[in-house]
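Visitor: Before I rely on any label attached to this protein, I would like to hear how each one was reached. Could you show me the structure and take my questions in turn?

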Amino acid sequence: MELWFTEEWVPGLKLSVQVKNVVHKEKTKFQELAVYDTETLGRILVLDDVIQTTEIDEHLYHECLVHVPMMSHPNPEEVLIIGGGDGGSLREVLKHKTVKRATLVDIDEGVVEASKKFLPQWNTGFSDPRARVIIANGLDFVAQAKEEYDVIIVDSTDPIGPGEALFREEFYESIKKALRPGGMMAAQTENPVLMPDLVRTIFGRVKKVFPVAKLYTGPMPTYPGGFWSYTCGSLGPDPGEPVRDAGDISFRYYSPEIHRRAFVLGPEVAKNVYGG
Ligand code: AG3
């Protein structure tokens, strides 16, 4: 019998993928977690019926979210990842030799454990001696940090359920205080075409808090609408300009040209977030 997984992207629009094999299913303390093997997307991780990451395109998302702030910062040594329990962002952060310590804070231990067991493409960073994994509420964790991090990455779920708190203005305020001088943050901020009001609202909060706020976008075939936005808040450096040599890092998607191009917005998306 055919088995299909379906995610409702927005009301009236769904993505369905045929499942070859159910690798794992559990109810964690916070959410329903499933790992499936599929023919078209490879292995996928699903939380509360929402696709979090797939083997075929996770590099697009993680490389955009991570390397844009990492490459625009002159010397990122201390990096904090909020969410991202699958490990994809951690793997990318640790590719940078400047990094002395990468701290990952996820609320759901179930996601981290499932990644260690079932997501080999994502989980390679967990065994790095520079990695520190903390199971805690990201909002509380960031609130007690003062000028500790050069770069903070917010790799959250959608702004519903456990992820909702990670889109609040008070969270961005705490992030600002947790950054060292000249630090910057990047967060995943949903689809600017399918959800323009949501993206404008989230961007407005970051802009209120940070002296520099910029939106950038990239392709993401398995997220709603196939097109995704990220928001940078910076205390100094321009997030739009790569300022370091990547050395021998091997990227699958990121390049300095992709970095700069990601900040080029069409007039309608630009107007929606920057006004004018
Ligand atoms: N974070 C999830 C991004 C949002 C996906 N939304 C959706 N499919 N409706 C990804 C975590 C990967 N490290």
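What follows is a conversation in which values are set beside the definitions that give them their names.

Guide: This is a predicted model, in which local features need pLDDT of at least 70 and side-chain atom pairs count only at pLDDT 80 or more, whereas totals for chains, interfaces and linings use all residues. Residues are numbered from 1 along each chain as its sequence is written, and side-chain values use heavy atoms, with hydrogens and water left out.

Visitor: How do you know what radius of gyration a compact globule with 276 residues would have, and what does the protein chain have?

Guide: The radius is taken over C-alpha atoms, and the globule rule is 2.2 Å times the number of residues to the power 0.38. For 276 residues that rule gives a value near 19 Å, and because the protein chain has 18 Å, the two agree. Taken along the principal axes, the C-alpha atoms fill a box of roughly 55 × 45 × 35 Å.

Visitor: What does Ser-72 touch, leaving out residues up to four places away in sequence?

Guide: Contact means heavy atoms within 4.5 Å, and by that rule Ser-72 touches Met-184, Pro-237, Asp-238, Pro-239, Glu-241, Pro-242, Val-243 and His-259. With Pro-239 there is also a polar contact, which is a pair of N or O atoms within 3.5 Å, where within protein one must be able to donate a hydrogen and the other to accept it, and residues adjacent in sequence count only if both atoms are side-chain atoms. A polar atom of the Ser-72 side chain lies 3.0 Å from the backbone oxygen of Pro-239.

Visitor: Which class does Asp-48 fall into, and why?

Guide: Asp-48 has a relative accessible area of 38%, so it is partly exposed. Asp-48 is found in the loop between strand E4 (42–47) and strand E5 (50–54), and its phi is near 45°, a positive value in a residue other than glycine. Glu-147 likewise has a positive phi near 45°, and is found in the loop between helix H4 (138–143) and strand E9 (149–155).

Visitor: Which class does Ala-145 belong to, and why?

Guide: Ala-145 lies in the loop between H4 and E9, and its relative accessibility is 1%, so it counts as buried. Neighbours within four places in sequence aside, Ala-145 is in contact with Lys-177 and Ala-178.

Visitor: Why is Met-195 classed as it is, given a relative accessible area of 12%?

Guide: Met-195 is buried because 12% falls within that class, and this residue is found in the loop between strand E10 (179–188) and helix H6 (196–209). Beyond four places in sequence, Met-195 touches Trp-9, Val-10, Glu-190 and Pro-224. Met-195 and Trp-9 are 186 residues apart in sequence, yet 10 Å apart in space, C-alpha to C-alpha.

Visitor: What makes Asp-37 buried or exposed?

Guide: Asp-37 has 16% relative accessibility and therefore counts as buried. Asp-37 lies in strand E3, and its contacts beyond four places in sequence are Val-19, Lys-20, Asn-21, Val-23, Gly-42 and Arg-43.

Visitor: Which residues of helix H3 are buried, and what covers them?

Guide: In H3, residues 109–118, the buried ones are Gly-110, Val-111, Val-112, Ala-114, Ser-115 and Phe-118. Their cover includes strand E2 (13–27), strand E3 (32–38), E4, strand E7 (101–106) and strand E8 (131–135). At the start of H3, a side-chain oxygen of Asp-108 reaches to within 2.9 Å of the backbone nitrogen of Gly-110.

Notes
Helix = DSSP H or I, 4+ residues; strand = E, 2+ residues; numbered from the N terminus. Buried < 20%, exposed > 50% of the residue type's maximum accessible area, 1.4 Å probe, protein only.
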